[in-house]
Amino acid sequence: MYVCLCHGLNDRQVRAAIDEGRAGSAAQVYQHYECKPRCGKCVPFVRDMVNAAKTVGVSCGRCGDACDCK
Ligand code: FES
């Protein structure tokens with residue numbers, strides 16, 4: 001799925017930048033792909049993807065070891 005139509009970035013590319021440790025913020029995702037937000041419509045989505053990746057591994061507080069939240 002395209003995340004950024006202005007630069008043709010898809011969710012796999014954004015996820016790869018995050019998972020490879022190359023992007024810890026939305027700005028770093030764009031830097032990794034050598035671009036800057038143009039219209040800016042994708043920035044909230046990219047930011048949400050970065051933030052979601054940061055919360056992985058944090059327990060929901062209601063579960064055991066088998067919970068998907070970890
Ligand atoms: S959709 Fe990403 S800058 Fe426009």
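The largest nonpolar core of this predicted model has 13 residues, and those with the most contacts inside it are Val3, Val14, Val29, Val46 and Val50. A nonpolar core is here a set of buried Ala, Val, Leu, Ile, Met, Phe, Trp, Tyr and Cys residues joined through C-beta atoms within 7 Å. A residue is buried if 20 or more other C-beta atoms lie within 10 Å of its own, exposed if 12 or fewer, and partly exposed in between, with C-beta atoms placed from the backbone. Two or more residues of this core come from each of strand S1 (2–4), helix H1 (11–19), helix H2 (26–32) and helix H3 (43–55). In soluble globular proteins, nonpolar side chains tend to be buried together.

The model is predicted: local features need pLDDT of at least 70, side-chain atom pairs count only at pLDDT 80 or more, and totals for chains, interfaces and linings use all residues. Residues are numbered from 1 along each chain as its sequence is written. The mean pLDDT (the predictor's confidence in each residue, from 0 to 100) of the protein chain is 88, and 79% of the residues score at least 70. Where pLDDT is low, the predicted coordinates should not be read in detail.

The protein chain contains two strands and three helices, in the order β-β-α-α-α from the N terminus. Helices (H or I, at least four residues) and strands (E, at least two) are DSSP runs, numbered from the N terminus. Of the 70 residues in the chain, 19% are buried. Contacts are pairs of residues whose C-beta atoms, placed from the backbone, lie within 7 Å. Of those between residues at least 6 apart in sequence, 38% join residues at least 24 apart. Valine 3, beyond its neighbours within four places in sequence, is in contact with Leu9, Asn10, Asp11, Val14, Cys42, Phe45 and Val46.

In H1, the buried residues are Val14, Ala17 and Ile18. These residues are on the same side of H1 because they cover an arc of only 100 degrees around the axis, the arc being that of the directions from the helix axis to the C-beta atoms. An α-helix has 3.6 residues a turn, so residues three or four places apart point the same way. The cover over the buried residues of H1 includes S1, S2, H2 and H3. Arg12 and Asp19 are exposed on the other side of H1. Arginine 15, also in helix H1, is partly exposed, with 17 other C-beta atoms within 10 Å. Its C-alpha atom is separated by 9.2 Å from that of valine 46, 31 residues apart along the chain. Just after H1, glycine 21 takes a positive phi of about 75 degrees.

Tyrosine 30 is placed in helix H2 and counts as buried because it has 22 C-beta neighbours inside 10 Å. The C-alpha atoms of tyrosine 30 and valine 14 are separated by 8.8 Å, the two residues being 16 apart along the chain. Leaving aside neighbours within four places in sequence, the contacts of tyrosine 30 are Cys35, Lys36 and Pro37. Glutamate 34 lies in the loop between H2 and H3. This residue has a positive phi of about 50 degrees although it is not a glycine. Glutamate 34 counts as exposed, since it has 7 C-beta neighbours inside 10 Å.

How values were computed. Contact = placed C-beta atoms within 7 Å.
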